Amino acid sequence: MRIKEVNKKRKVERKLFFYLVFVLFAFIIIVTWLWYLQIIQGNKFRDLSENNRIRIRRIQSPRGLILDRKGRILVDNYPCFNLTIIPEDAKNVNEIIKKLSHLLNIKEEYFNERLRLSKGNPSFKPIQLKTDLDQKEVAILETHNIDLPGVNVWIEPKRFFLYNNLASHILGYMGKISKSQLKNNAYIKYNLTDLIGRCGIEKEFESILKGIDGGYQFEVDATGRELRILSKKDPFPGNNIYLTLDLDIQLILEKSLAGKIGCGIVMNPQNGNILALASSPSFNPNIFSKGISSKEWEKIINNPYHPLENKALQGQYPPGSIYKIVTSLACLEEGIISFETSFNCKGFYRLGRRKFRCWKREGHGNTDLRKSLVESCDVYYYQAGKMLGIDKLAEYSYFFGLGRTTGISLDEKAGLVPTRSWKIKNFRQKWQEGETLSLAIGQGFILTTPIQILNLMASVSNGGILYLPQIIQKIETPDRDIRKTCSPKEIGRLPFTKENIDFIKEALWGVVNDPKGTGWRAKIFGLDVAGKTGTAQVIGIPQGNRNEVKEKPFKFRDHAWFCAFAPKDIPNIIVLILIEHGGHGGSTAAPIAKEVIAGAQRSLM
């Protein structure tokens, strides 16, 4: 009996021991957990607790202004009323959305779509439901403020393009930052609702234009309404950018391109400053700042004439007869031809079994170098180009800056200068002699951008200097202190004698001023205008239909080029006009260039 009692007592003691160990172990866990929460994670939970009572709101900084070279504002900011909701304060978000839909007469789907796009955000972060509220909408929301917990109307600076479509391809537009960009350290100071530059100056100089955000700390009640401000830090505006653009010349250029598909550029050939640049059709950047609908976006991107493309920098086209300047100077420099060298043009040149035709069916007859440029004889350049060869044509093309970007940036494209190795790599075929003939007149595989052709002509007009085309004049702080000034920058020199360049310049004067010059429609009495026309084929067509432009479908019509400078001897302006599918450069592009040159000269006086 005693043994049983002893065993029973031992069992009880063991159980008590295990219970005691369990309780002690549990106590240690609880103490450790409390220590972790209060000591290790104490600051975090203290902040979360304070967040129920104290909030911090960012004050977005206004972006820097964009101005023309005379200090006239092109892009500004205006105060914008934005509707936001903080889900944590709203409690029943669906009920609040129904009320907002009723009060503002906006479909619930509109708000729900914005909630869906913000899914995954912390509940204490504001979600932007609508931007750019009008005065009536603001008044309604303020009147029903007590019935809309978590709903706020915040004032933020919004980008405003004063002249709507004007210079839109240079200025660019604003768009909402993406979630992928927010993961990039370069955008660490941005929020999901922020707008950033998507193209043009707005994109290229995002870090310069963006200021330093401010903010304030404030106390809220249980519904998230502000009670009092505890502290505040004012935002600091971004830097201002002065462009080389001249507003008056830009207006003239855009008016001349209205209703056409193409582009135009005006530059000072003595320093590379871009005075005007336009691509048509254009777009209104203000629709992006206010928040573009998917329907509007689809309409823009499905437009067959690509309004978002900056054709002046990104369009790639055969240069047509303007390229004959390259062929002429290359042949002169290599000693293949002289000023007096003549070829007989019968309207075609035969190579093997194929006839390479001149644009003038009956031919130009006996043609020297000057006449070949003035009247743009193709047969002359077939023969000169054949003697020069593809290798030299490519080499001299590079001297003019073709086949590479000029350096103006803004998502500029490089174009293409074909070579023997290029053709083997891309087509696995040898270069054919007939392809050299096509290249000599600016046709075939070669592709150039309008800014490249402008720079080519500018280098001839100023005596042989290739300047970096510049769009920025200076950058200054909000306090008007100059941060940076852009000076002219040489990027190359043409390897031609002064005698050869002067001869070509005089021939280009003849293009505009001689009775048989292809650019006679650009002639301005009292001003020595020199230039070159170009007609670039989109597709090969039978010779019999070559001049019957109106019979071809629009998309198969030739591109029309014209590039001119004035005055001839010491030019202060150069203008390039390209009209897509416009037909002949002399009849379509030259009259537009004349209008722009005349207007620009008045503005520069």
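Modeller: In this predicted model, about 30 Å³ of space lies in the second largest cavity.

Colleague: What makes this space a cavity rather than a pocket?

Modeller: A 1.4 Å probe fits at the points of a cavity but cannot get out, whereas a pocket is an open set. The space of about 30 Å³ is listed as a cavity, so by that definition the probe cannot get out.

Colleague: Which residues line the second largest cavity?

Modeller: Asp 68, Leu 74, Leu 166, Ala 167, Leu 245, Asp 246, Leu 247 and Gln 250. They divide into 5 nonpolar, 1 polar and 2 charged.

Colleague: How many cavities of 30 Å³ or more does the structure hold?

Modeller: The structure holds 2.

Colleague: Now the helices. Why are H21 and H22 called roughly perpendicular?

Modeller: The axes of H21 (residues 450–461) and H22 (residues 498–513) cross at roughly 115°. Angles of 65 to 115 degrees count as roughly perpendicular. H21 and H22 are therefore roughly perpendicular to each other.

Colleague: Which residues make the contact?

Modeller: Met 457, Val 460 and Ser 461 of H21 meet Ile 501, Ile 504, Lys 505 and Leu 508 of H22. The contact has 5 nonpolar, 1 polar and 1 charged residues.

Note on methods: Residues are numbered from 1 along each chain as its sequence is written. This is a predicted model: local features need pLDDT of at least 70, side-chain atom pairs count only at pLDDT 80 or more; totals for chains, interfaces and linings use all residues. Side-chain values use heavy atoms; hydrogens and water are left out. On a 1 Å grid over the protein atoms alone, a cavity is a set of points where a 1.4 Å probe fits but cannot get out, and a pocket is an open set with protein on both sides within 12 Å along at least five of seven lines; lining residues have an atom within 4 Å of a point. Grid points are joined across faces, edges and corners, and a volume is the space filled by probe spheres set on the points. Ala, Val, Leu, Ile, Met, Phe, Trp, Tyr, Cys and Pro count as nonpolar, Asp, Glu, Lys and Arg as charged, and the others, Gly among them, as polar. Axes are lines fitted to C-alpha atoms, for helices over the stretch in contact, and angles run from 0 to 180 degrees between N-to-C directions. Helices (H or I, at least four residues) and strands (E, at least two) are DSSP runs, numbered from the N terminus. Angles under 35 degrees count as roughly parallel, over 145 as roughly antiparallel, 65 to 115 as roughly perpendicular and the rest as oblique. Contact means heavy atoms within 4.5 Å.
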